[in-house]
Amino acid sequence: MNPCQRLPQYLGWIICWGLFCALLATRMAEAREKPEKIVKIPSGFFVPLYRPSEADKKNRPEPQKIPVKSFWLDSHPVTNADYLAFVKKNPAWQRSQVPRLFAEENYLKHWQSDTRLGKQAPLESPVVNISWFAAKAYCEAQGKKLPSVNQWEYVAQADELSPDAASDQKFINRILEWYSKPNPEILPQVSSNFKNLYGVHDMHGLIWEWILDFNTALVTGESRADTALERDLYCGAGSIGASNFHDYAAFMRYGFRSSLKADYVVGHLGFRCAK
Amino acid sequence: MKGKDVKKSITQKIILSFTGLFLTLLTFTSSPLLAETSPSMHQHHHAVTPEESPSPKLDGRSIYHLNSIWKNQNNEDTALASLKTQPLVLAMLYTSCQYVCPMIVSDMKKIEKGLLPEQLKKTRFVIVSIDPERDTPKQLKSFAAKRSLDESRWILLSGKADDILTLANVLGVKYKKETSGDFSHSSIIHIIDAGGVLRHQQFGNNVAPDESLKLLKGLF
């Protein structure tokens, strides 16, 4: 049999092999391009902004450092593309389907429709206009959780070079400058700006983020001097007094969190997940 | 005969090749070998539904979109949904609380005293503990006795931390465990209608029950 007669036999195998190689090449290229989507944060110590109690202050005049165990944190906030994939698999969380209990009426208002992003919601921009319930459901669907306030603030205090820049006035001022800028109508892509020592992007400079226990922020006033719990409204077992009066950026975050309710959505409030 | 055999064998080989191609495509579009290094992130393929209620007419704002299961003071499994069809006077607190919680319970009792017997029969007074570690069903039972709570209408619930957090966030209740083991928390009594919609919140302590009673009576 001459080669021409054998060709049909070989054709199938050639196509098979060719496609296999092409697939392999593209998958490997993809894997190389994507930055680590989740980053391991080493364990360490962290001084929470709000000190435990008056009694604790008496016993321990120095601000108390609390341990944070090592955990994994998403390297950037959840994007519109990520969240779109989630609502396609879980239609009960689509804009027209979600019970009002779990998200107020502006939920995903920057999207074109239930399952179309549109111009206001670029694929790789952080998803915003999202409630705590929705963010929590997304993280749980990935086998993860929303980060706790301690986890989030612990990572937030790192700048490009140091794990703890919480007392670095220059760093605080950079953050305050970001906070003072008006929010763009269309948010830029994730991972295109600030990256800290751990390789985590966008802890500052892009959006504010939901945390699991935002409802522990019991600050009632906006002024940084007004840190007392309103005695009539709260049963105060004594959470008063900041440990660092210079970290105004942190005050703003805690103040913002205390103004939130779980069903609220805000145009510059998104989230990321932890494990 | 030989020609036919050759044709058959070529056909077989083409079929085999395309089967192989198909299987290759299948394998490599979901290859674990090429996944990024990360802790295993299991995709939970079941839909995460906010609600699995049998009732077709559940208001969008009803708390019964939550399907948590709790333990009552008799250690019985109590689904949140089992509280449906009755107006609720509800508060989240903890029994070891010495500051304001005793006053919240007294304020709830003021509301209780303001209802007529036939209204009382249809109302449930619910205490949800924010301290499940110490507030076991046994502890809740003892608290109910201490405060002389009529258990035909008072229900005390102990549950899982995540369910407590979710319910608190539905109701706008803030709470924080301090290092001492005590909690700082909101002082609120919630009036919830028979369909599970939050209708009124009474903030603070030692508050006159009038406003809450007015609304509650309107629900019957």
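Colleague: How many residues does helix H6 of chain A have, and how far does it reach?
Modeller: In this predicted model, H6 of chain A covers residues 169–180, which is twelve residues. From the first C-alpha to the last it reaches 16 Å, close to the 16 Å expected at 1.5 Å a residue.

Colleague: Which residues of H6(A) are buried?
Modeller: A:Phe171, A:Ile172, A:Ile175 and A:Trp178. Looking down the axis of H6(A), the buried residues fall within an arc of 120°, so they line one face of the helix. An α-helix has 3.6 residues a turn, so residues three or four places apart point the same way.

Colleague: What covers the buried residues of H6(A)?
Modeller: The cover includes two helices of chain A, H5 (149–156) and H7 (248–259).

Colleague: And which exposed residues are on the face turned away from the buried side?
Modeller: A:Lys170 and A:Ser180 are the exposed residues carried on that face of H6(A).

Colleague: What caps the N-terminal end of H6(A)?
Modeller: A:Asp168 does, with a side-chain oxygen 3.0 Å from the backbone nitrogen of A:Lys170.

Colleague: Chain B now. What is the strand order in the open sheet of five strands?
Modeller: The order is E5-E4-E3-E8-E9, with mixed pairing. E5 (154–157) and E9 (198–203) of chain B stand at the edges with a single partner strand each, so one side of each has no neighbour in the sheet. From one strand to the next, the twist averages 20°.

Colleague: In which sense do E4(B) and E5(B) pair, parallel or antiparallel?
Modeller: Parallel, over four bridges; E4 of chain B spans residues 124–129. Within that pairing, B:Val128 has B:Leu157 of E5(B) as its bridge partner.

Colleague: Where does helix H4 of chain B touch the sheet?
Modeller: H4 (residues 137–146) packs on the sheet against E4 and E5 of chain B, and its direction makes about 145° with that of E5(B). Helix H5 of chain B (residues 161–171) also packs on the sheet. The strands touched by H5(B) are E3 (88–93), E4, E8 (188–192) and E9 of chain B, and its direction makes about 120° with that of E3(B).

Colleague: Different spot. Where is B:Asn205, and is it buried or exposed?
Modeller: B:Asn205 lies in the loop between E9 and helix H6 (210–217) of chain B. The residue is buried, with a relative accessible area of 18%, and the cut-off for buried is under 20%.

Colleague: What does the side chain of B:Asn205 make a polar contact with?
Modeller: The side chain of B:Ser187, at 2.9 Å.

Colleague: Which residues of H6(B) are buried?
Modeller: B:Ser212, B:Leu213 and B:Leu216. They cover an arc of only 100° around the axis, which puts them on the same side of H6(B). On the other side, B:Asp210, B:Glu211 and B:Lys214 are exposed. What covers the buried residues of H6(B) includes E3, helix H2 (101–113), E8 and E9 of chain B.

Colleague: Which way do the side chains of E7(B) point?
Modeller: In E7 of chain B (residues 183–186), B:Phe183 and B:His185 point one way, B:Ser184 and B:Ser186 the other, and all are buried.

Note on methods
Residues numbered from 1 in each chain as written. Chains lettered and ligands numbered in written order. Predicted model: local features only at pLDDT ≥ 70, side-chain atom pairs only at ≥ 80, totals over all residues. Heavy atoms only, no water. Expected span 1.5 Å × (residues − 1). Buried < 20%, exposed > 50% of the residue type's maximum accessible area, 1.4 Å probe, protein only. Arc of directions from axis to C-beta. Contact = heavy atoms within 4.5 Å. Polar contact = N/O pair within 3.5 Å; in protein donor to acceptor, adjacent residues only side chain to side chain. Pairing = 2+ DSSP bridges. Axes fitted to C-alpha atoms, helices over the stretch in contact; angles between N-to-C directions.
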